[in-house]
Amino acid sequence: MSKPKIALYWCASCGGCEESVVDLAEDILQVAEAVDIVFWPVALDFKYEDIEKMADGEITATLINGAIRLDNQEHAAKLLRKKSRLIIAHGSCAHLGGVVGLANFYERRDILNRAYKEVPTVKNPQGILPEIKTKESGRELNLSGFHKTVKTLDQVIEVDYYLPGCPPTPELIKNAILAILNDELPPKGSVLAEKKALCNTCSRRESKPDKVRIKEFKRLYEIQWDATRCFLDQGIICFGPATRGGCEERCIKANMPCRGCFGPTDNVRDQGAKFLSALASIIDSKDEKELEKIADSIPDPAGLFYRYSLASSILRGKIGTV
Amino acid sequence: MTKQSHHSEIASPSVRNDKEGCFRKGNKAIMSSFEPKIIGFLCNWCSYEGADSCGRARKEYPSNFVVIRVMCSGRIDPQFILEAFKDGADGVMILGCHPGDCHYKEGNFNALRRYTLLKKMLKQFGIEEDRVKLDWVSASEGDKFVRVVSEMVEKVRVMGPLMLIQKKQLKNHREHRGNL
């Protein structure tokens, strides 16, 4: 019997998710022994045609990382959907839009102008912007179209499972692949990590008082913080209360507060709004003026609360851009 | 009804601005007959009673105001407010007990804390601060209820419609994602 086929693909992402697969270290040999990797642009030389030639549903599972912004990303995602029995959104960008999803606060035109005209390191006196078709020395060159907004993978194709994180831990990836091979998958649509919020498993949980009350939000550069005490109790914004656990507390262990890359828990639709709600409730003030002052100590609330989840949020981005 | 005609107009192709079904604010074709839709979250113990006392006294308030009763203003998750805007509200009001009068002691203060931060955040989404309003209405303040609701409706009428994504797209999105 032939081995199950696995494919990996990347869209709008930084490459960190690919790295997380390589971080399986020796375990990757175990995976490579059990499956055939039929497509992995970052590491193996297969072409789109190889996939097109396959029968529908021939690939057992495809892990796609990155959000969708370009024509070719959408095309590849749709092709892989057709050829795969399972599609797994791999990492925050495919799952929630990720950091690249923050582009939905800006219009398409402004992004292109910024990247190709205004950035100090760019020299573009003729003000040329990328075009889908360009004539150069009598030949026609083609570029992929740049969509109006960033979309999550499940806004473009049907997704069966989600591997959260920026990037997901190698342990979660290994467990997901083993679950596929042993046919022990949870119900469709599940996020393959903890069900509860990070605070539940946090190593600093004991130091969190029953009622956290803070008068002022502090930014990391402003204080020397205690490496053993709950971040929120020290006035440092930490996303633990509104973020899914299962990340092995990588940031907390490095003495940095959580920023929410594992996304919301199962019962929450909009992570940013939920976090706003949690954070506002611990402010120790009842005075309108004082509350406004405290709110002003967060310079960019939307960018902070939606750092990883803007494209998947209720509003999806700024009005007029989405 | 005026409220319904507002929606049938924004769905007509003549005012669509692009292929993704996004609409710009303040479109003149819509402005002329614009009736804002305001969603009001009213706490059960004070403000809903206040609205009731307004009704008992046969006072009138604008029909643009759609009331949702909640047990406490502190129960209002910011997600409800975002959902309201996404589903076509032009403004959202939160009415709760006066400070010190909350049936659950502190719920209205939680509402105030969230509202302060939410207003600031919504500005970054391109939603003007005045489209969300928190106010205190007690059970006996039928007159104040009429006043704050009428003021809100007039304010939003001047601001014009808030239009996000086309309704059909939203429906698909919600079905796919599951509800709150």
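Guide: Before we start, two strands are said to pair if DSSP finds at least two bridges between them, and the model in which we look for such pairs is a predicted one.

Visitor: In which order do the 5 strands of the open sheet in chain A stand?

Guide: The pairing in this open sheet of chain A is parallel, and the twist from one strand to the next averages 30°. Strand 2 (36–39) and strand 9 (161–163) of chain A each have a single partner strand, so they stand at the edges with one side left without a neighbour in the sheet. Read across the sheet, then, the order is 2-1-3-5-9.

Visitor: Which residue of strand 5 of chain A is the bridge partner of A:Thr62?

Guide: Strand 3 (residues 59–65) of chain A runs parallel to strand 5 (residues 84–90) of chain A, and 6 bridges join them. Within this pair, A:Ala61 has A:Leu86 as its bridge partner in strand 5 of chain A, while the partner of A:Thr62 in that strand is A:Ile87.

Visitor: On the side of strand 1 of chain A, which residue of strand 3 of chain A is the bridge partner of A:Ile6?

Guide: Strand 1 (residues 5–10) of chain A pairs with strand 3 of chain A in the parallel sense, over 5 bridges. Strand 3 of chain A is mostly covered, with 6 of its 7 residues buried. The residue in strand 3 of chain A that bridges to A:Ile6 is A:Ala61.

Visitor: Which residues have the most contacts inside the largest nonpolar core?

Guide: This core has 125 residues, and it draws at least three residues from each of domain 1 (5–99 + 148–181) and domain 3 (198–305) of chain A. Helix 5 of chain B gives the most to the core, with 8 residues. Leaving aside neighbours within four places in sequence, A:Ile64 is in contact with residues that include A:Tyr9, A:Ile87 and A:Leu153. The residues with the most contacts inside the core are A:Ile64, A:Ala67, A:Leu276 and B:Cys43.

Visitor: Which helix gives the most to the side of chain B that touches chain A?

Guide: The contact takes 29 residues from chain B and 26 residues from chain A, and those of chain B divide into 14 nonpolar, 6 polar and 9 charged. The elements of chain B that give two or more residues to this side are helix 4 (78–86), helix 5 (107–124) and helix 7 (167–177). With 11 residues, the one that gives the most is helix 5 of chain B.

Visitor: Which residues of helix 3 of chain B are buried?

Guide: A residue counts as buried if 20 or more other C-beta atoms lie within 10 Å of its own, and buried residues make up 43% of the 180 residues in chain B. For helix 3 of chain B, the cover over the buried residues includes strand 1 (38–43), strand 2 (65–70), strand 3 (91–96) and helix 6 (142–159) of chain B. In helix 3 (residues 47–56) of chain B, the buried residues are B:Ser47, B:Tyr48, B:Glu49, B:Gly50, B:Ala51 and B:Cys54.

Visitor: What distance separates the centres of domain 2 and domain 3 of chain A?

Guide: The domain assignment of chain A gives domain 2 as 111–145 and domain 3 as 198–305. Taken over C-alpha atoms, the separation between the centres of domain 2 and domain 3 of chain A is 41 Å.

Definitions and conventions. Residues numbered from 1 in each chain as written. Chains lettered and ligands numbered in written order. Predicted model: local features only at pLDDT ≥ 70, side-chain atom pairs only at ≥ 80, totals over all residues. Contact = placed C-beta atoms within 7 Å. Helix = DSSP H or I, 4+ residues; strand = E, 2+ residues; numbered from the N terminus. Nonpolar A, V, L, I, M, F, W, Y, C, P; charged D, E, K, R; others polar. Domains from an automatic or database assignment. Axes fitted to C-alpha atoms, helices over the stretch in contact; angles between N-to-C directions. Core = buried A, V, L, I, M, F, W, Y, C linked by C-beta atoms within 7 Å. Buried ≥ 20, exposed ≤ 12 C-beta atoms within 10 Å, placed from the backbone.
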